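Thanks for making time this morning. I will go through one structure and keep to what can be read from the coordinates. Please have the sequence and the model open.

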Amino acid sequence: MRRETRPLTARQEAVMAVIRSWLTEHGHGPTVREIGARVGLSSTSSVAHQLSRLEARGLIARTGRDWSTCVLGEERPARRPGLRSRGTGVGVEQSGRRPPA
């Protein structure tokens, strides 16, 4: 049995529209409060719920912990320099320090 993907709700469509326009205008994602103000939600919890549903569907992704680092799912960027990863990087010793040049 194959599951059909449900269409986005009107609120999810509105959140996606805000994210798209904000990314175009500002070059980075909006905060939860900025999204809420634009779509008419005063509860940050409600906005976070909508964002997590969109993230679960793969329509948006985060490059960091905050929702303001969100990008459109089909446009996943490479990791930004300065963000830590759990793996060892090239030229990094076990202690986490770079060897002297």
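I start with a definition: a salt bridge here is a side-chain nitrogen of Lys or Arg within 4 Å of a carboxyl oxygen of Asp or Glu. By that rule the protein has 2 salt bridges. Before I name them, some housekeeping.

This is a predicted model, in which local features need pLDDT of at least 70, side-chain atom pairs count only at pLDDT 80 or more, and totals for chains, interfaces and linings use all residues. Residues are numbered from 1 along each chain as its sequence is written, and side-chain values use heavy atoms, with hydrogens and water left out.

Now the overall layout. There are 3 helices and 2 strands, taking helices (H or I, at least four residues) and strands (E, at least two) as DSSP runs, numbered from the N terminus. Along the sequence the pattern reads α-α-α-β-β. Of the 101 residues, 25% count as buried. Buried means under 20% relative accessible area, exposed means over 50%, and partly exposed is in between, with a 1.4 Å probe and protein chains only. The protein exposes about 7900 Å², and carbon and sulfur atoms supply 48% of that. Those areas come from the Shrake-Rupley method with a 1.4 Å probe; for residues, only the protein chains shown count as cover. As for contacts, meaning heavy atoms within 4.5 Å, residues 24 or more positions apart account for 39% of those with a separation of 6 or more.

Back to the salt bridges. One joins the side chains of Arg38 and Glu25, at 4.0 Å from N to O. Arg38 lies in helix H2 and Glu25 in helix H1, so this pair ties together parts that are 13 residues apart in sequence. Arg38 is partly exposed, at 43% relative accessibility. Another joins Arg62 and Glu55, at 3.3 Å, N to O. Both ends of that pair are partly exposed: Arg62 has a relative accessible area of 32%, and Glu55 has 29%.

Next, helix H2, residues 32-39. Which of its residues are buried? They are Val32, Ile35, Gly36 and Val39. These cover an arc of only 100° around the axis, which puts them on the same side of H2; the arc is that of the directions from the helix axis to the C-beta atoms. The face turned away from the buried side carries the exposed residues Arg33 and Ala37. What covers the buried residues of H2 includes helix H1 (10-26) and helix H3 (44-56). Just after H2, Gly40 has a positive phi of about 85°.

In soluble globular proteins, nonpolar side chains tend to be buried together. A nonpolar core here is a set of buried Ala, Val, Leu, Ile, Met, Phe, Trp, Tyr and Cys residues joined through side-chain atoms within 4.5 Å. The largest one has 15 residues, of which Val15, Ile19, Ile35, Val39, Val47, Leu51 and Ile60 touch the most other members. H1, H2, H3 and strand E2 (70-72) each supply at least two residues of this core, and the largest share, 4 residues, comes from H1.

Take two of those members. Leaving aside neighbours within four places in sequence, Ile19 is in contact with Pro30, Ile35, Leu51, Ile60, Cys70 and Leu72. Val47 is in helix H3 and is buried, with a relative accessible area of 1%. From C-alpha to C-alpha, Val47 and Ile35 are 7.2 Å apart in space, and they are 12 residues apart in sequence.

Last, two glutamines. Not counting residues up to four places away in sequence, Gln12 touches Gln50, Arg53, Leu54 and Arg57.

Gln50 lies in helix H3 and is buried too, with a relative accessible area of 13%. On that basis of counting, Gln50 touches Thr9, Arg11, Gln12 and Val15.
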